[in-house]
There are 2 protein chains.
Amino acid sequence: MEIGSNNDELYSITLFVVLISGCIVIGHLLEKNRWINDSITALLTGLCSGMIILLTTKGKSSRILEFDEQLFFIYLLPPIIFNAGFQVKKKQFFRNFMTIMLFGAVGTLISFCIISFGAKLLFASLDIGALELRDYLAIGAIFSATDSVCTLQVLNQDDTPLLYSLVFGEGVVNDATSIVLFNAIQRVDLSHVNSKIAAQFVGNFLTLFVTSTLLGIVIGLLCAYLIKKLYLGRHSTDREVALMMLMAYLSYVMSEMFKLSGILTVFFCGIVMSHYTWHNVTQSSRTTTKHAFATLSFVAEIFIFLYVGMDALDIEKWKFASDSPGKSIAVSAVLFGLVLVGRASFVFPLSFASNFARKSKSDKFDLKQQVTIWWAGLMRGAVSMALAYNQFARSGHTQQPGNAIMITSTITVVLFSTIVFGLMTKPLVKFLLHPPMLPENGIPSETASPRSFLTPLLGNEEEVEVGKENSNIHRPSSLRMLLTTPAYTIHHYWRKFDDAVMRPVFGGRGFTRLDPVSSEEPSVY
Amino acid sequence: MEIGSNNDELYSITLFVVLISGCIVIGHLLEKNRWINDSITALLTGLCSGMIILLTTKGKSSRILEFDEQLFFIYLLPPIIFNAGFQVKKKQFFRNFMTIMLFGAVGTLISFCIISFGAKLLFASLDIGALELRDYLAIGAIFSATDSVCTLQVLNQDDTPLLYSLVFGEGVVNDATSIVLFNAIQRVDLSHVNSKIAAQFVGNFLTLFVTSTLLGIVIGLLCAYLIKKLYLGRHSTDREVALMMLMAYLSYVMSEMFKLSGILTVFFCGIVMSHYTWHNVTQSSRTTTKHAFATLSFVAEIFIFLYVGMDALDIEKWKFASDSPGKSIAVSAVLFGLVLVGRASFVFPLSFASNFARKSKSDKFDLKQQVTIWWAGLMRGAVSMALAYNQFARSGHTQQPGNAIMITSTITVVLFSTIVFGLMTKPLVKFLLHPPMLPENGIPSETASPRSFLTPLLGNEEEVEVGKENSNIHRPSSLRMLLTTPAYTIHHYWRKFDDAVMRPVFGGRGFTRLDPVSSEEPSVY
């Protein structure tokens with residue numbers, strides 16, 4: 001079509017599509033490698049191509065290299081988080097819900113305080129130019145957030161389900177925390193922090209958390225209800241898949257529009273959709289949505305790491321840093337140290353507190369597990385980068401040396417942590433937790449217990465959920481556990497409620513009669 | 001995620017997602033209706049919401065309403081055309097290849113001449129301001145192009161395969177024609193048209209057609225080869241799906257980057273992918289790609305019509321038109337009349353010529369079929385609109401009354417033709433061709449002929465291609481047809497070549513050994 005299209009845009013799209021395809025192929029070839037993963041492949045590819053672009057354009061900064069926060073937050077992040085919710089092992093997630101909340105809310109707050117005050121204290125001696133109190137608090141908020149996208153890359157839900165649900169869940173929850181923090185930084189008079197403001201902070205967090213979660217649940221249920229009511233007896237795969245995709249995305253953009261936590265909303269929308277909506281559609285729709293969501297998320301992740309890698313080499317940003325390389329390295333090192341200390345100072349105390357509440361000894365976190373939790377959440381990635389740009393690179397703000405150094409230091413921390421932790425987490429998890437021998441969630445293998453006994457306690461024995469939810473290993477095996485651990489009692493009542501009220505209305509496994517032929521339904525065309 | 005995101009963008013995304021979801025649900029409810037189709041639903045929804053936005057913002061033009069050609073050509077059009085190629089009935093398409101080329105190339109040229117000269121002649125008496133010769137030629141190029149997206153909406157490949165492949169194929173081919181025309185308009189000295197320039201024009205068209213097609217075929221084959229070589233014995237559904245999507249899109253953007261016809265390229269890439277690549281992947285990948293491509297295309301189509309509907313009400317554009325409503329209506333009527341005449345003046349003569357070349361009487365087009373071909377290609381839609389914007393609304397160009405009237409007249413023609421033809425084509429096709437009684441491709445029902453006899457002539461009897469390629473009805477049933485119709489002989493040799501050379505290298509049905517378990521392969525996560 002002859003149209004005066006912006007050829008620059010076509011060039012960059014072509015380049016990105018070629019690079020992403022290349023990363024997919026290379027990632028496949030290196031799949032057996034125990035160190036490398038897709039994110040590192042993409043990051044290194046991004047760095048290399050960034051370098052080639054720099055050399056061929058002779059150091060002229062090109063628009064291809066620029067990181068666009070809008071693109072990241074509006075288009076790339078939602079499919080990743082939605083897919084994580086869609087494929088999450090729900091039982092594992094909700095069993096550890098209180099611990100996840102504790103880590104995500106209280107832990108992030110502790111880490112935020114330590115990083116903010118640490119930065120204020122240590123940067124003073126480095127003389128890096130004018131940073132305000134707000135900037136230090138922003139640094140705390142940016143670096144205290146676990147990057148959920150990175151976590152997905154190094155932790156495997158099937159190998160280490162507890163670790164995954166804890167660290168990834170924490171990443172989802174602390175999105176809400178960091179929004180409340182950001183809002184508090186912007187609105188509250190920082191010189192007069194008292195108990196009233198602290199109470200307000202807690203109230204804000206709870207409101208935001210509850211409304212974000214509810215919005216996701218409501219949209220997920222609406223989609224389930226719509227598909228169940230409209231499509232009974234007359235299925236159209238394309239319409240079903242389109243509706244699921246659109247409603248999932250809707251939950252994210254609506255949440256962002258209302259200034260809620262889009263990540264929380266779309267994550268819970270994914271959980272609801274996998275529990276109800278997914279069971280109301282045809283077999284082809286199930287296969288399609290399962291793989292299409294996974295593929296979109298996979299491509300978005302590769303795109304993000306590629307993008308971060310290419311953006312890191314944008315020459316403009318490094319001009320200030322190259323004037324004072326020592327200072328820049330010092331700032332990066334300080335930030336990285338603070339991240340390490342900030343995370344340590346909440347993982348170990350909170351694990352201790354959490355162990356205190358857990359009665360069953362096998363449920364407690366031992367030291368090895370605590371170290372793994374600490375380590376696995378240390379990566380900082382595209383989310384930190386986008387937030388740093390948002391804070392320090394707005395409207396020519398980069399021109400100030402202090403801001404420019406913050407940007408390059410963030411890039412340094414992101415590259416260093418993604419590459420180093422990306423390379424080392426898999427081997428470390430293997431070394432510390434030996435997943436093949438002992439499942440790391442602390443319940444020793446009692447898989448031999450008879451199925452007939454388990455069934456009434458859990459109620460969804462025959463379940464074949466998205467992403468193989470039930471691996472027998474992670475199932476409580478005695479009545480004792482049901483009685484001693486409140487989560488199981490809640491789960492028991494939830495199942496009763498779910499079977500009696502929710503599933504008959506919203507559909508779900510066993511509550512949707514599908515024609516046997518429905519998988520062969522013609523598409524819209 | 002607290003990010004200073006542009007809230008306007010979030011509002012418009014939310015609005016569009018809600019409206020598209022609404023259209024899908026309404027479209028489903030009205031599916032049984034014989035008049036309404038999805039495109040009309042979307043167009044009317046767009047008009048209504050445009051009106052509501054106008055009323056609530058009190059006539060202030062809003063950015064939501066603005067039609068963005070880049071968005072249309074770079075993101076919305078490729079999935080639609082690719083999916084059409086992916087699901088096209090390949091045999092039907094290639095059997096009529098010469099006729100399609102004749103209609104798409106020569107036909108478009110005839111229509112172009114008539115519309116251009118007609119507009120120049122008739123607009124002179126209307127006094128609509130300064131239009132140059134180039135503008136008239138652009139009008140010819142814009143309105144002579146059949147809108148492939150509209151065609152997809154009113155013609156059903158399963159009910160009327162010949163009509164579909166002719167009119168849709170023509171729409172794909174005339175994209176190349178219109179690019180050559182546009183280039184010719186821009187480069188050639190228009191006052192000295194001679195036989196040398198005409199020869200040059202034919203040469204340009206052939207070069208463009210061949211290179212665009214080849215690019216699509218090469219990328220499709222590359223993708224097939226890559227997946228076949230890399231993934232043998234070790235399949236990953238997400239990677240396969242991602243590679244297919246990315247390579248398909250790559251073919252379009254590369255083609256556009258090289259100033260070729262992206263539509264032709266991505267269409268042929270779709271054909272190659274459905275013939276080779278699709279057979280090299282796991283069963284889940286097949287289901288996923290088939291439905292994911294269809295869904296993307298479906299959503300993109302709804303989006304386009306919604307967008308056209310909303311854009312039509314942008315108050316800015318109508319300011320000039322409302323100053324002289326009579327003139328605006330006259331221009332629209334003239335354009336619409338020229339479209340009717342332009343199309344008639346090539347469909348009937350070229351059908352006659354095509355009948356002349358077809359020896360078998362049952363293969364010839366009768367008058368009813370010719371009328372249907374003429375009628376079904378009259379719709380002008382988003383492609384015309386995008387081209388009109390490109391020509392008449394560049395960089396504040398709209399300020400000239402002549403250009404402003406051209407824009408509003410294009411919108412009028414698009415709305416009128418989409419609604420009127422959209423409503424009437426289905427009933428008309430039913431009335432003229434009675435597809436349930438007599439298949440409209442002229443071969444009377446010889447479905448009773450024994451399968452064992454057909455097999456050697458066609459060679460792909462057991463084929464279960466994407467979108468049920470083989471409906472028995474449209475199959476030649478005697479050796480006589482093979483001998484009298486050259487297309488069958490070419491097809492015969494092609495099959496031999498395909499089986500001997502192409503499929504062993506690039507995979508394809510019967511040439512890829514898939515493990516029986518491969519459909520249960522775990523995804524990347």
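This is a predicted model: local features need pLDDT of at least 70, side-chain atom pairs count only at pLDDT 80 or more; totals for chains, interfaces and linings use all residues.
Start with the interface. Chain A puts 80 residues in contact with 80 residues of chain B. Together the two chains bury about 7400 Å² between them, and carbon and sulfur atoms account for 64% of that area.

| Arg | Asp | N to O distance |
|---|---|---|
| B:Arg239 | A:Asp38 | 3.1 Å |
| A:Arg503 | A:Asp499 | 3.7 Å |

The pair B:Arg239 and A:Asp38 joins chain B to chain A. A:Arg503 and A:Asp499, on the other hand, both sit in helix H20 of chain A (residues 486-506). They are 4 residues apart there, about one turn of the helix.

Now for the helix pair in chain B. Helix H12 (residues 283-311) packs on helix H16 (residues 382-392) with the axes 10 Å apart and at an angle of about 50°. That angle makes H12(B) oblique to H16(B). The crossing of H12(B) past H16(B) is left-handed.

Which residues of H12(B) and H16(B) meet? From H12(B) come B:Ile304, B:Val308 and B:Asp311, while H16(B) brings B:Ala382, B:Met385 and B:Tyr389. Sorted by class, the contact of H12(B) with H16(B) has 5 nonpolar residues, 1 charged and no polar ones.

Key: Residues are numbered from 1 along each chain as its sequence is written. Chains are lettered from A and ligands numbered from 1 in the order in which they are written. Side-chain values use heavy atoms; hydrogens and water are left out. Axes are lines fitted to C-alpha atoms, for helices over the stretch in contact, and angles run from 0 to 180 degrees between N-to-C directions. Helices (H or I, at least four residues) and strands (E, at least two) are DSSP runs, numbered from the N terminus. Angles under 35 degrees count as roughly parallel, over 145 as roughly antiparallel, 65 to 115 as roughly perpendicular and the rest as oblique. A crossing is left-handed if the near helix is turned anticlockwise from the far one by less than a right angle, and right-handed if clockwise. Contact means heavy atoms within 4.5 Å. Ala, Val, Leu, Ile, Met, Phe, Trp, Tyr, Cys and Pro count as nonpolar, Asp, Glu, Lys and Arg as charged, and the others, Gly among them, as polar. Buried area is the accessible area (1.4 Å probe) that two parts lose on being put together, summed over both. A salt bridge is a side-chain nitrogen of Lys or Arg within 4 Å of a carboxyl oxygen of Asp or Glu.
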